[in-house]
Amino acid sequence: MRGIAKRYPGVVALDGVDLEVRRGEVHVLLGENGAGKSTLMKVLAGAVRRDAGEVRIDGEAVALGDPRAAQRAGVSIIYQEFNLVPHLSVADNLYLGREPRGAWPGLIDQKTMVRDASRQLAALGVSIDPQARVADLGVAEQQMVEVAKALSIDARILVMDEPTSALTEQEIERLFTVIRSLRARGVAVIYISHRMEELFQIGDRVTVMRDGRHVGTRVLADCTMDELVRLMVGRALTEQFPARTARQGEEALRVEGLCRRGVLHDISFSLRRGEVVGLAGLMGSGRTELARAIFGADPIDAGRIWLRGRAVTIRSPRQAIREGLGFLTEDRKRQGLVLCRDIEENTSLAHLDRFTRAGVLSPRRAAETAGRLTTELRVKTPGLGQRVVNLSGGNQQKVVLAKWLCREADVLIFDEPTRGIDVGAKAEIYQLIQRLAGEGRAILMISSELPEILGLSDRILVMHRGHLAGEFRGGEVTPEQLLHCALGSPPAP
Amino acid sequence: MKFTPVLLFAAVSLSLLAGCGRSPDPAASAGSAAAAGPVIALVPKTLNNPFFIDMQRGAEEAARAAGVTLVVQAAERETDVERQMQIIENLIQRKVSALILAPSGSREIVPVVLKANQADIPVLIVDTRLDAAALQASGGKTVTFIGSDNHEGGKIAGQFAVERLGGQGRVAVLEGIAGHETGDARVRGFREALRGHPGITIVASQPANWERDQGYTVFQNILQANPTVNALFAANDLMALGAVEAIAAAGKTGKVTVIGFDAQDEARAAVKAGKMAATIAQNPALMGRTAVERAVALLKGEPVPADIGVSIELVK
Amino acid sequence: MTLPRFLVANARQAGTVAVFLVLCLVLSVLTPHFLTTSNLLNVAQQTVINAVIAVGLTYVILSGGIDLSVGSVLALAGVVLALALQAGWPVPLAIGACLVVGAACGTVNGLLVAFGRLPPFIATLGLMSVARGGALLVTDGRPVSGFDASFRWLATGEVLGIPVPVWCMLAVYGVAHFVLKRTKFGRYVVAIGGNEEASLLSGVPVAACKVGIYALGGGLAAAASVLLTARLNSAQPIAGLSYELDAIAATVIGGTSLMGGQGSVFGTLVGALIMGVLRNGLNLLGVSSYVQQVVIGAVIIAAVLLDTVFKGSKR
């Protein structure tokens, strides 16, 4: 790809980017959110038309006018949000749009399709029933289905956008095995991720982008993490995790014997003002479900909740919010934001009372507050009237944060606050969490990233299959101990 | 860039409308050249019903003969009074010389008749009478009514039924939309004719809203409930033709005496083929022709009688 | 905010407005009868019924729903109004009863959607039939006609040279615009349409809002029935057949997304005016009734297509 440019009204998304990927290499694409990685990949996938530049595959210039043309050219992309039809079977999804023809035109040869599907999946070394419904699969399995789908169209170039963000360590390891075998087969893999450790494990070369420009390409074996971070942010990053300064006060939240049949079993814990409690565990261990239950989004079968020492019954999110709870959901697009509305509307949504007088809304006051918060959180946007859908992932997350800061909730639950966010924005969010704790709020932080949990938490709770499996003091626990606890296995002596 | 689509739209709509303006429709040519002589407007209830299409045809012939311009406009639905009202309001804006109207609602349309009066446009009513009380209450005026006596038509149908059944029988009735003067009058006339013949009973009387498909389903249901029905009077041919199909589907062709109303081409053919026993000919083409002729006479200052009957005949 | 700035801030509506102006321009070139005060007032009056129903639908569609029952609710509320008037109720009381009936029908829709978890399409389809049947039942299928001049003033009266129905329409639009832009309820409507899950988790009382939205839709259909009954001096149980489709068309032409979350009350007014002007213009031109239907359908498609092209060019 040479000199690729793409302009949006008011924004230059790509400014003459070059990218060269060789066969049989894993090429990492790195950059902060909004650096233009996703746009560049969309150009490659034919989903976005470039304004300038050319793309050559195996030396041949290709037009890439639409996604089908890109597919024919051998480009396949696995997006962060999966492109699977949830209510169809795995096999149906693998061959969607190119089903093997049955006895009559319009009929599908189910047998062949299922057989081919299971062969594809077996080649990846995964055991997934091709006739299972995609909606019934776990995230990691869905990921594998995506990979299988990409490979089943004979992709020569495979792009993976944040493939590991929802996977456990084990699943990541399995994915890497698959990627290595692809590399051995001569497939060019373009790998986008924010998890720096991973890059060194899996990548051969890395291209760093910043602000829609190509900043540099390095061989990964020859460079350090610091160097990459410097390239990405254009400045040296100070300490990633801010020092803990918050003083702990009285109890803010206490949960006793919380149960939800089949999901949560007898969960009890408490949270103090000024305290950051990390909630660790594998996918599906019940962390998000616990947060939703406390927040009144899901009904509970048993258990009691105290807020600031007062017993409360929370039946709906609305009530939870009135009681001073805030909940940053893990899936900001589906649960956190109203994408088609603007920044001001999103930040003020949870707390419109604050901007109404006699039932009449004051857009001016709402905009002032939104303006203050977005400046404070350093949201990159041309204006408050910008629709949230046009923002990058990190900026979207900051808007969700702004919503809860606007609300001034006492107890904040963060579910994967840094998922899909670049290093710079991560550090900002860490500092913010620290600052919020310093202001005397109690914070429960769910995260799949162990360094984050270890670096930020005063206390760490670990969940395993709906039970609270362990509690540790921050700074007194090793990642291995946490992992063992989360896996439900006794720590090695 | 953002105005390109708007310009595109402008171009398309311009050519579309201009195309309409130039259409060979003789009515349309008067659109922009208002000075070309008197323009007479005909507003039937709808143009989806062959009855009104025949009326339009008759009116067009008369207009051509008299050398006047005729504009025909109608709502999509026979029941949409509000839309008919809008059409008339728009024609008043166009300053037509005379208005011939087949009211969709005998009372509802009165306010707009008043508006035409105020604009000094004479109103001739065809086919369906206005509600006399409502008209009088509003102070509106119409020049004349041109139409056949629906009540009389119903009576003729009833007499035919009595004759055909030999004084013994079980009869079903398919009504038009409830509250429509036309349908009510036909059914009233029919019932009147049956009175005094105790051997004949009306076993079912249901509305099928003037429509063919409803005629089919409603009569199918009636057949389910009363398998011994041996005669049917439908207040228009469309419903009768629907019922004919239902009878065929039930394997009872020839066993039920079907009498329709309007004598449309299709109904006449069905009578010839023996699927229907009879239909009442209203002659809508004659209504349309007479209405235009009278309107022209009126514009010349000639007197027009207040009630002009159009003959009714039984087609069997 | 000055008009040009307002248009820039609402680029999508600017497109609709431009379409409207182009249409008016074309018609005034083609026929001398179009651009007269009396005809423009005439068009405004003819737009009122559809426009008032469409406001309610705009709220419903903004919230990601649909309401197919408005035409039937209009008929039911209309006959209730007419029967109340004929029973000698004072005009304001009868109108109140009519609005209550409309809002009650809407509330039923809302309850079915919010608590019964029925898809709006199904719930309102059901109520469409129920309300129609109800209207036929209470009137025995016959129109109810003949009212006092004091009631009919709503259709025939003029204030400052503008017919009363047009004032009513402007008032409804003014209030609806204000509520959408400047109240919590309005914010919640678009938030629910944009992302129901996120709204729920942000503490928006989603269920209560939905009930309110559909009640508003039913209430506005009833308001339209007041104006229609006054206009026809009669309430028909078969009134309003397929009015829901006209109102949906006006809403969509006005730029409201059928997916919910995006749109405006102002756009709907322009959408309703486009439809009104088009029908009026085609009548004035003497275009055949058959061609009219083709042209109106084509314009609906073109207007929405334009919207897609418009959004596409920004992407």
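1. A salt bridge here is a side-chain nitrogen of Lys or Arg within 4 Å of a carboxyl oxygen of Asp or Glu. A:Arg254 forms one with A:Glu251, the closest N and O atoms being 3.0 Å apart. A:Arg254 is partly exposed, with a relative accessible area of 25%, and A:Glu251 counts as partly exposed at 25% relative accessibility. In this note buried means under 20% relative accessible area, exposed over 50%, and partly exposed in between (1.4 Å probe, protein chains only).

2. The model is predicted: local features need pLDDT of at least 70, side-chain atom pairs count only at pLDDT 80 or more, and totals for chains, interfaces and linings use all residues. Residues are numbered from 1 along each chain as its sequence is written, chains are lettered from A and ligands numbered from 1 in the order in which they are written, and side-chain values use heavy atoms, with hydrogens and water left out.

3. On confidence, pLDDT is the predictor's own figure for each residue, from 0 to 100. Chain A has a mean pLDDT of 80, and 92% of its residues reach 70 or more. Where pLDDT is low, the predicted coordinates should not be read in detail. Helices (H or I, at least four residues) and strands (E, at least two) are DSSP runs, numbered from the N terminus.

4. Over all chains, a search of the whole structure finds 42 salt bridges. One of them joins the side chains of A:Arg287 and A:Glu416 at 3.8 Å, N to O. This pair links distant parts of the chain, 129 residues apart: A:Arg287 is in helix α9 (residues 287-294) of chain A, and A:Glu416 in the loop between β19 (411-415) and α15 (423-438) of chain A. Both A:Arg287 and A:Glu416 are buried.

5. Which chains does the salt bridge of C:Arg231 and B:Glu82 join? The side chains meet at 2.7 Å, N to O, and the pair crosses from helix α11 (residues 206-232) of chain C to helix α4 (residues 81-93) of chain B. Both residues, C:Arg231 and B:Glu82, are buried.

6. Eight aromatic pairs are found over all chains in a search of the whole structure. Rings of Phe, Tyr and Trp (its six-membered ring) pair if their centres lie within 6.5 Å; planes under 30 degrees apart count as stacked, over 60 as edge-to-face and the rest as tilted. B:Phe233 and B:Phe261 form an edge-to-face pair, 6.4 Å centre to centre with 65 degrees between the planes. B:Phe233 lies in strand β8 (residues 231-234) of chain B and B:Phe261 in the loop between β9 (257-259) and α11 (265-272) of chain B, so the pair ties together parts that are 28 residues apart in sequence. B:Phe233 and B:Phe261 are buried.

7. B:Arg186 sits over the ring of B:Phe261, 3.9 Å from its centre. A:Arg254, already named for its salt bridge with A:Glu251, has its charged end over the ring of A:Trp306, 4.3 Å from the ring centre.

8. Helix α12 (residues 243-253) of chain C is mostly covered, with nine of its 11 residues buried. Among them are C:Tyr243, C:Glu244 and C:Ile253. Just after α12(C), C:Gly255 takes a positive phi of about 95 degrees.

Methods:
A charge sits over a ring if NZ of Lys or CZ of Arg is within 6 Å of the ring centre and within 35 degrees of the ring normal.
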